[in-house]
Amino acid sequence: MNIFEPIKQVRASDAVHNQLKDAILTGKYKAGDKLPSERELIETFQVSRTVVREALKVLAATSFVEIKHGATGGAFVNDITFDRLSDAWNDLFVSGKLTIPDLIEARMLIEPMIARKAAENINDHYISKLHDALSKEDGTKKYPETVLNRSRVHYVIAEMSENNFLESICKTLVILIRNITNEFQPPTDEVHPLHMHDNLVDAICKGDGAKAAEEMKLHLEKFIKLMAAAEKKYRDEKSDYASSKNSFLSL
């Protein structure tokens, strides 16, 4: 049995792209830094201008750099954020590879655990951040700002887990659910009334992990019921149940 594979020739632009990407990921170029000019890259890699531009084009398309034009222009390194994960999962949802029931089940499994860890990691700094997030929940009545404001508590709790992977998953799930609701834009006070987070935040601030996990589960269950009711109202008005199999109504 042959355990080897034929050697594949790598395109010059791919080789340049891979080296530049590696330099960004390993911190040789940080967010805000300007990559060497086209002329410098041509000399460094001993390739044509077309090859360099193709490599930079791919870096820009994948959000590693932003291309700015003009006298002070060039390729500037973007910050690597969790938005990349959110965008990828959103593409999977739009393509039908993920469903609302998938996302809800994931939140029900993950967020109570995150709330427990948040309670275990409680300190004065986190208490201040939680209370600040709560205070902003009634800051506006305009959609979608209300939804964003009432998501902040979840972002802070995710941060308090002090686990970057859990934080990225939680934030991505919250963002995806928020984006999905844009279809029917339910009044925020109907699906997420004020003070829904009060008991949850209280349990976390007291350092009660078991209670925090329980309150998160209760909070999500209530939110799902309210969201399903709002979606049903929307679809009743539109006489549209064509996509209700992939919705809160299917839960």
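Biologist: Which residue takes a positive phi just after helix 1?

Modeller: This is a predicted model, in which local features need pLDDT of at least 70 and side-chain atom pairs count only at pLDDT 80 or more, while totals for chains, interfaces and linings use all residues. Residues are numbered from 1 along each chain as its sequence is written, and side-chain values use heavy atoms, with hydrogens and water left out. Helices (H or I, at least four residues) and strands (E, at least two) are DSSP runs, numbered from the N terminus. Just after helix 1, the residue with a positive phi of about 85° is Gly-27.

Biologist: How many helices and strands are there in the protein chain?

Modeller: From the N terminus on, the elements run α-α-α-β-β-α-α-α-α-α-α-α-α-α. The totals are 12 helices and 2 strands.

Biologist: How far does helix 1 reach from its first C-alpha to its last?

Modeller: Helix 1 covers residues 12-25, which is 14 residues. The expected span is 1.5 Å times one less than the number of residues, and for helix 1 that is 20 Å. The span in the model is close to this, at 20 Å.

Biologist: Within what arc do the buried residues of helix 1 fall?

Modeller: Buried means under 20% relative accessible area, exposed over 50%, and partly exposed in between (1.4 Å probe, protein chains only). By this rule the buried residues of helix 1 are Ser-13, Val-16, His-17, Leu-20, Ala-23 and Ile-24. An α-helix has 3.6 residues a turn, so residues three or four places apart point the same way. Taking directions from the helix axis to the C-beta atoms, the buried residues line one face of helix 1, because they fall within an arc of 130°.

Biologist: Which elements do the buried residues of helix 1 pack against?

Modeller: Contact here means heavy atoms within 4.5 Å. The partners of these buried residues are helix 2, helix 3, strand 1 (65-68) and strand 2 (74-77).

Biologist: Which residues does Asn-78 touch, not counting those up to four places away in sequence?

Modeller: Asn-78 sits in the loop between strand 2 and helix 4 (83-94), and at 23% relative accessibility it is partly exposed. Its C-alpha is 6.2 Å from that of Gly-32, although the two are 46 residues apart in sequence. With that exclusion, Asn-78 touches Ala-31, Ser-63, Phe-64, Val-65 and Glu-66.

Biologist: How many salt bridges does a search of the whole structure find?

Modeller: A salt bridge is a side-chain nitrogen of Lys or Arg within 4 Å of a carboxyl oxygen of Asp or Glu. One of them joins Asp-14 and Arg-11 at 3.5 Å, N to O. The search of the whole structure gives 10.

Biologist: How many residues apart in sequence are the parts tied together by Glu-38 and Arg-53?

Modeller: The side chains of Glu-38 and Arg-53 meet in a salt bridge of 3.0 Å, N to O. Glu-38 lies in helix 2 (residues 38-45) and Arg-53 in helix 3 (residues 49-61), so the pair ties together parts whose separation in sequence is 15 residues.

Biologist: How far apart are the closest N and O atoms of Arg-107 and Glu-111?

Modeller: Both residues lie in helix 5 (residues 100-120), 4 residues apart, about one turn of the helix. Arg-107 is buried at 6% relative accessible area, and Glu-111 is buried at 1%. In their salt bridge, the closest N and O atoms are separated by 2.3 Å.

Biologist: How many residues of helix 8 are buried?

Modeller: Those buried include His-154, Tyr-155 and Met-160. Helix 8 is largely enclosed by the rest of the structure, because the buried share of its 9 residues is 7.
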